[in-house]
Amino acid sequence: MPREQFLFTSESVSEGHPDKVCDRISDAVVDAHLAALPEARVACETLATTNRVVIAGEVRGAPQIDASVVEKCARQAIREIGYEQDGFHWETCKVEVLLHEQSPDIAQGVDAAETKEEGAGDQGIMFGFACRETPELMPAPILYAHKILHLMAEARHAGRAPELMPDSKSQVTVRYENGVPVGVHSVVVSTQHADGLSSGDVRAIVEPYVLEALPEGWVTPETIWHVNPTGKFVVGGPDGDCGLTGRKIIVDTYGGAAPHGGGAFSGKDPTKVDRSAAYAARYLAKNIVAADLAERCTIQLSYAIGVAKPLSIYVDMHETAKNVRADQIEKAIDKVMDLSPRGIRQHLSLNRPIYARTSSYGHFGRPAEDDGGFSWERTDLADRLRDAL
C-alpha cells in the first residue's frame with residue numbers, strides 16, 4: 001500500500017548552473033541545425049570551465065552551420081544567461097568546436113530505406129509520468145523548486161534583483177498527508193550574489209520569490225529555511241565548478257518522484273529516442289490522467305537501435321485506475337499514437353528549433369507554446385484515449 005504521511009524532496013538548478021550552461025549551449029546548437037535543416041542529426045556535448053567552453057559531438061546537418069556559427073551560438077547563450085564576470089564572460093571566454101560528421105554505422109540504422117522504416121537512434125528505456133498533485137499534472141516538489149528559480153531569474157533579467165547572479169539552486173521538501181501535498185517542510189536556496197551580502201541579506205531578496213512560487217498557506221512558521229547556508233556564494237558558474245551536458249537528468253524530469261531511463265535530453269535532435277520518446281511518454285501519461293482514467297500514471301517505452309516500433313509499452317496507474325485495466329490502456333496507446341521515432345516527431349512536431357528553452361527549469365510541466373514548444377504538454381489526446389477504450 002502507498003504511504004499516506006511522508007516528506008519528499010526535489011531540487012532544481014538555474015540556467016546559470018554550470019551543467020545547465022552546457023545544456024543551454026548544446027540545445028542552442030541543436031536549434032541552429034534544425035532551423036536550417038529540420039531533418040538534421042545532432043549529438044552535441046558541451047564542457048564549460050573557467051573562461052573556456054569545449055563543444056564536441058557529431059552532426060549531419062546544414063553545411064552553413066559551421067564552427068563559427070556554433071561558436072556564435074555558444075556566446076549568445078552565455079550572454080543571454082547573463083555571464084559577464086572575470087572568470088566566465090560571453091565575449092572573452094575561449095570556445096573550441098570539435099563537432100564531426102555522424103558515424104555512417106549509426107546513420108544506416110536510423111535512416112529509412114526501401115526495405116525498412118526509420119529506426120530509433122539508440123536502444124534504451126524511457127519513462128513518462130503524470131499525477132494530480134498540481135494543475136500542471138506534475139509532482140509538487142519539483143514543480144515548485146523550478147518555479148522558485150524561474151521567478152528569481154526573471155527578476156534578475158528584469159533588473160529587479162541586481163544583487164543576484166546567474167548560478168543558483170533550490171530544494172523543496174513537501175509534506176504529504178493522506179498522500180496529498182499540503183505544505184512545505186523546508187526550503188533550501190543557494191544563489192550566487194554580489195560581494196558584500198550576508199546570508200540574511202540574500203534571504204531578504206529571495207524570500208518574496210519563494211512565497212510567490214508556493215501555494216498560499218504552504219509556508220508556515222514551522223517551515224525550515226536554509227538560504228546560502230555556507231554563508232557566501234560570490235564565485236559561481238563554470239568559474240566555480242566545471243559543467244557538462246546531461247548531468248541534471250532528474251532535475252530535467254520529475255525530481256525523483258518517478259523513474260528515469262537514464263538518457264539525457266539536451267544536445268540531441270529528436271531522432272534520438274532518449275529525448276523524443278521521453279517526451280512521448282510524458283504526453284501519454286499526462287493525457288491518461290487528464291482523461292480521468294487514473295490519478296497517477298507511469299509509462300515505460302523501450303527501443304532498439306535501428307528498429308522503428310517500441311519493443312514494449314508498459315503502464316502503471318499506481319492503484320488509482322478508474323474502471324480500466326493497465327493492459328487495456330497499453331492497447332489503446334498503440335491505437336491512438338504512432339510511437340515510431342518518425343511518428344513521435346510528426347505527432348508532436350519536434351523537428352523545430354524549440355529546444356534551448358527546455359534546457360532549464362524542467363522539460364515537463366511547462367505550458368504548450370504556439371510555435372510548438374512543449375507540444376508534449378498538450379492534453380489533446382484525452383478524448384481519443386477514452387474513445388479507444
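Of the 389 residues in the protein, 55% are buried. Buried here means under 20% relative accessible area, with exposed over 50% and partly exposed in between, for a 1.4 Å probe and protein chains only. The model is predicted, so local features need pLDDT of at least 70 and side-chain atom pairs pLDDT 80 or more, while totals for chains, interfaces and linings use all residues. Residues are numbered from 1 along each chain as its sequence is written, and side-chain values use heavy atoms, without hydrogens and water.

Next, the overall build. The protein has ten helices and 13 strands. These are DSSP runs, numbered from the N terminus: helices are H or I with at least four residues, strands E with at least two. The radius of gyration is 21 Å, close to the 21 Å from the globule rule for 389 residues, so the protein is as compact as a globular protein of that length. The radius is taken over C-alpha atoms, and the rule is 2.2 Å times the number of residues to the power 0.38. Along the principal axes, the C-alpha atoms fill a box of roughly 65 × 55 × 30 Å.

Now follow one element. Helix 7 covers residues 273–290, 18 residues in total. From its first C-alpha to its last it reaches 24 Å, close to the 26 Å expected at 1.5 Å a residue. That expected span is 1.5 Å times one less than the number of residues. Helix 7 is mostly covered, with 17 of its 18 residues buried. Just after helix 7 comes Asp-292, which takes a positive phi of about 65°.
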